[in-house]
Amino acid sequence: MRAQFVMSEIGVGLRRNLTMTFAVIISVALSLALFGGSLLMSEQVGRMKGYWYDKANVSIYLCNKQDAQEAGEAAANSAGGGAGGVATCRKGAVTDEQKKQIESELKAMSLVKSVTYESADEAYKHYQEQYGHTALASSITPDQMQESFRVKLKNPEKYKVVTSAFAGRDGIHTVDDQRQAIDDLFRILNYLNMAAVGIMAIMLIVALLLIVNTVRVSAFSRRRETGIMRLVGASSFYIQVPFIMEAAVAGLIGALFACAMLVSGQYFVIDHGVGLRDKIQLIDFMGWGSVLAKLPYVLFIGLLMPSMAAFIALRKYLKV
């Protein structure tokens, strides 16, 4: 097989179907960019989960005098005696004995990694650091703040064990797990990633249909040449190679555009330009290593997908 003949046939095919080839390149580029983006999104979500779940604590907030007063008023105004964490404070503010018992039980639990006590004064100081600029902060006093135990677990997924063991006990206002709020965020991110995968699948189907249609038109326009080649003894594979290579070249160009979009997104959106890495420091964004690791997959699929689509289409449309 002469390489010069194959290359010339590829050039002829691309020129004859320039508009459809351009459509194939655009659809392949968009679908593969979404494919690479979905891979990066999945890795980013997994990375964020590992980062935030490790930092997520179970917070046990203790009853103070104000909580006890509100619980008493709720009990007087309602036969049910109040609701939620307030109802557990009806017997008064937490005592030193109760605090020691809670701390000792926490430290005795095998799934607990560490226990940190935060006094009302420390809670007030942290509140002022975070919300001191708001109007509400000026009306908050240290005695209104709750003492708490911050519990770090060896396995954050077992937070319900701590919740069930301490929720509703005397002296405990509420048991709050930060992981529940984090789960809501990750659930939204997963939905967005699923939407991107769905759009990618639609774009891939569109690209495959365009490739099949392009091959069909190309085969029909060159049916005389392929008929002559068949008469002089050319094999089916020899006849099919130029068509397959045309689709592969268009797919490769689209894959290169997809790689350029992924690299541009990392450079202009994450690192520079928009600069999300500097503006949102709470998120541990992926580096260039993760992006570059996905590019070979994009290029491989960009070559394989059009080639296979063209090969299958030729079995139907290139019968001479």
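This dialogue discusses how to read selected features of a predicted model.

Student: What conventions apply to the model and its numbering?

Tutor: The model is predicted: local features need pLDDT of at least 70, side-chain atom pairs count only at pLDDT 80 or more, and totals for chains, interfaces and linings use all residues. Residues are numbered from 1 along each chain as its sequence is written, and side-chain values use heavy atoms, with hydrogens and water left out.

Student: How many helices and strands does the chain have?

Tutor: Helices (H or I, at least four residues) and strands (E, at least two) are DSSP runs, numbered from the N terminus. In this chain there are 11 helices and four strands.

Student: What share of the residues counts as buried?

Tutor: Buried means under 20% relative accessible area, exposed over 50%, and partly exposed in between (1.4 Å probe, protein chains only). Here 39% of the 320 residues of the chain count as buried. As for surface, accessible areas come from the Shrake-Rupley method with a 1.4 Å probe, and for residues only the protein chains shown count as cover. The chain exposes about 18000 Å², of which carbon and sulfur atoms supply 62%.

Student: Which cysteines form a disulfide?

Tutor: A disulfide is a pair of cysteine sulfur atoms within 2.5 Å. The structure holds one disulfide, formed by Cys63 and Cys89, with sulfur atoms 1.9 Å apart. The pair links distant parts of the chain, 26 residues apart: Cys63 is in the loop between strand S1 (58–62) and helix H3 (65–77), and Cys89 is in the loop between H3 and helix H4 (96–108).

Student: Why is the disulfide of Cys63 and Cys89 called left-handed?

Tutor: The disulfide is left-handed because the torsion about the S-S bond of Cys63 and Cys89 is about -75 degrees. Cys63 is buried, with a relative accessible area of 1%, and Cys89 is buried at 0%.

Student: How many salt bridges are there, and where does the partner of Lys294 lie?

Tutor: A salt bridge is a side-chain nitrogen of Lys or Arg within 4 Å of a carboxyl oxygen of Asp or Glu. The count comes to eight salt bridges. One of them joins the side chains of Lys294 and Glu43 (2.6 Å, N to O). Lys294 lies in helix H11 (residues 288–317) and Glu43 in helix H2 (residues 18–55), so the pair ties together parts that are 251 residues apart in sequence. Lys294 counts as buried at 11% relative accessibility, whereas Glu43 counts as partly exposed at 31%.

Student: Which residue forms a salt bridge with Lys99?

Tutor: The partner is Glu147, the closest N and O atoms being 2.9 Å apart. Lys99 is in helix H4, and Glu147 is in the loop between helix H5 (120–131) and strand S3 (148–153), 48 residues apart. Both Lys99 and Glu147 are buried. Salt bridges that share partners join Asp96, Lys99 and Glu147 into one network.

Student: Is Glu118 buried or exposed, and which residues is Glu118 in contact with?

Tutor: Glu118, in strand S2 (residues 112–118), counts as buried at 10% relative accessibility. Contact means heavy atoms within 4.5 Å. Leaving aside neighbours within four places in sequence, Glu118 is in contact with Ala123, His126, Glu147, Ser148 and Arg150.

Student: What share of the contacts in the chain with a separation of 6 or more joins residues 24 or more positions apart?

Tutor: Such residues account for 81% of those contacts.
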